[in-house]
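The following exercises are to be worked with the sequence and the three-dimensional model at hand. Each task is followed by a stepwise solution.

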Amino acid sequence: MIDCYTWMTDNGYKPRMMLEETGLAHKIIPVNLREKAQMSPEFLKISPGHKIPAIVDNDGPGGATVTLCESGAIFKYLGEKSGKFYPSDPVSRAKVDQWLFYGSATFTTLSQQFGHWVVRNPEKVPQPQKHYDAVLRDMLSTLDRHLGSNEFVAGAYSIADMTMYPDVHLHGVKDIGLSEYPNLKRWHDAIEARPAIQRAWGPFPA
Ligand SMILES: N[C@@H](CCC(=O)N[C@@H](CS)C(=O)NCC(=O)O)C(=O)O
């Protein structure tokens with residue numbers, strides 16, 4: 001059984017998507033960021049930088065207990081454990097890694113800055129607002145161009161798509177709109193329609 005520590009944020013949806021897609025047995029453990037639950041001594045042992053998501057796999061390789069934070073590392077681990085959505089041949093895997101790292105290191109991180117400065121910050125601060133609006137639109141254009149000649153970002157549907165989806169869904173669709181990005185919209189809608197994704201974006205199980 002895998003314990004998944006998470007909350008309702010872009011990164012928080014990522015392991016839920018992968019756990020639902022793979023069917024790996026798991027339990028959701030909400031970490032209420034509004035109440036600063038991520039700062040508890042117990043959670044800091046699992047995620048030293050007080051960030052969700054994190055997982056504890058009580059049935060890791062050789063029976064080991066594996067504790068992991070960082071969504072990219074979690075995706076790779078679950079991909080290897082399940083043998084799904086993470087190709088084993090080295091060339092395909094290298095391309096999935098490229099887009100996985102772009103997704104977790106660049107796309108999500110900069111989208112979070114957009115969320116902070118453009119969506120949530122109550123003050124009017126034109127320079128960062130203009131900057132991060134342009135940054136997000138540029139990244140949406142990058143993905144749209146790429147998806148013009150690729151069904152998914154790196155070969156078949158994979159963890160590289162899953163890492164990008166939450167910020168396209170939250171900021172691309174809801175804050176900017178995808179009418180100027182038709183290839184990205186096609187990709188987004190195909191992923192959104194998957195039953196596992198619908199489950200992952202539903203309420204936390206009681
Ligand atoms: N690079 C990390 C980023 C995780 C992250 O930013 N988590 C945020 C929520 S989306 C968080 O836990 N923030 C709480 C805090 O920093 O105290 C990953 O990909 O997992």
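**Exercise 1. Into which domains is the protein divided, and which residues of domain 1 touch domain 2, by element and by class?**

Step 1. The protein is divided into domain 1 (2–85) and domain 2 (90–195), with bounds that come from an automatic or database domain assignment. Residues are numbered from 1 along each chain as its sequence is written. The model is predicted: local features need pLDDT of at least 70, side-chain atom pairs count only at pLDDT 80 or more, and totals for chains, interfaces and linings use all residues.

Step 2. The C-alpha centres of domain 1 and domain 2 lie 22 Å apart. Contact links 11 residues of domain 1 with 15 residues of domain 2, two residues being in contact if their C-beta atoms, placed from the backbone, lie within 7 Å.

Step 3. On the side of domain 1 that touches domain 2, helix H1 (10–22) and H3 each supply at least two residues. H1 gives the most, with 6 residues. Helices (H or I, at least four residues) and strands (E, at least two) are DSSP runs, numbered from the N terminus.

Step 4. By class, this side of domain 1 has 5 nonpolar, 4 polar and 2 charged residues. Here Ala, Val, Leu, Ile, Met, Phe, Trp, Tyr, Cys and Pro count as nonpolar, Asp, Glu, Lys and Arg as charged, and the others, Gly among them, as polar.

**Exercise 2. Determine how H3 is oriented to H1 and to H4.**

Step 1. H1 and H3 pack at an angle of about 5°, with their axes 10 Å apart. Axes are lines fitted to C-alpha atoms, for helices over the stretch in contact, and angles run from 0 to 180 degrees between N-to-C directions.

Step 2. H1 and H3 are therefore roughly parallel to each other. The cut-offs are under 35 degrees for roughly parallel, over 145 for roughly antiparallel, 65 to 115 for roughly perpendicular, and oblique for the rest.

Step 3. From H1, the residues Asn-11, Lys-14, Pro-15, Met-18, Leu-19 and Thr-22 meet Ser-71, Ile-74, Phe-75, Leu-78 and Ser-82 of H3. This contact has 6 nonpolar, 4 polar and 1 charged residues.

Step 4. H3 (residues 71–82) and H4 (residues 90–120) pack at about 150°, their axes 9 Å apart. H3 is therefore roughly antiparallel to H4. Ser-71, Gly-72 and Phe-75 of H3 make the contact with Leu-100, Phe-101 and Ser-104 of H4. Its residues are 3 nonpolar, 3 polar and no charged.

**Exercise 3. Is Ile-29 buried, exposed or partly exposed, and with which residues is Ile-29 in contact?**

Step 1. Ile-29 belongs to strand E2 (residues 26–30).

Step 2. Ile-29 is partly exposed, because 17 other C-beta atoms lie within 10 Å. A residue is buried if 20 or more other C-beta atoms lie within 10 Å of its own, exposed if 12 or fewer, and partly exposed in between, with C-beta atoms placed from the backbone.

Step 3. Leaving aside neighbours within four places in sequence, Ile-29 is in contact with Asp-3, Cys-4 and Tyr-5.

**Exercise 4. What are the element order and the radius of gyration of the protein?**

Step 1. The protein has 8 helices and 4 strands. From the N terminus on, they run β-α-β-α-β-β-α-α-α-α-α-α.

Step 2. The radius of gyration is 17 Å, which agrees with the value near 17 Å for a compact globule of 206 residues. This radius is taken over C-alpha atoms, and the globule rule is 2.2 Å times the number of residues to the power 0.38.
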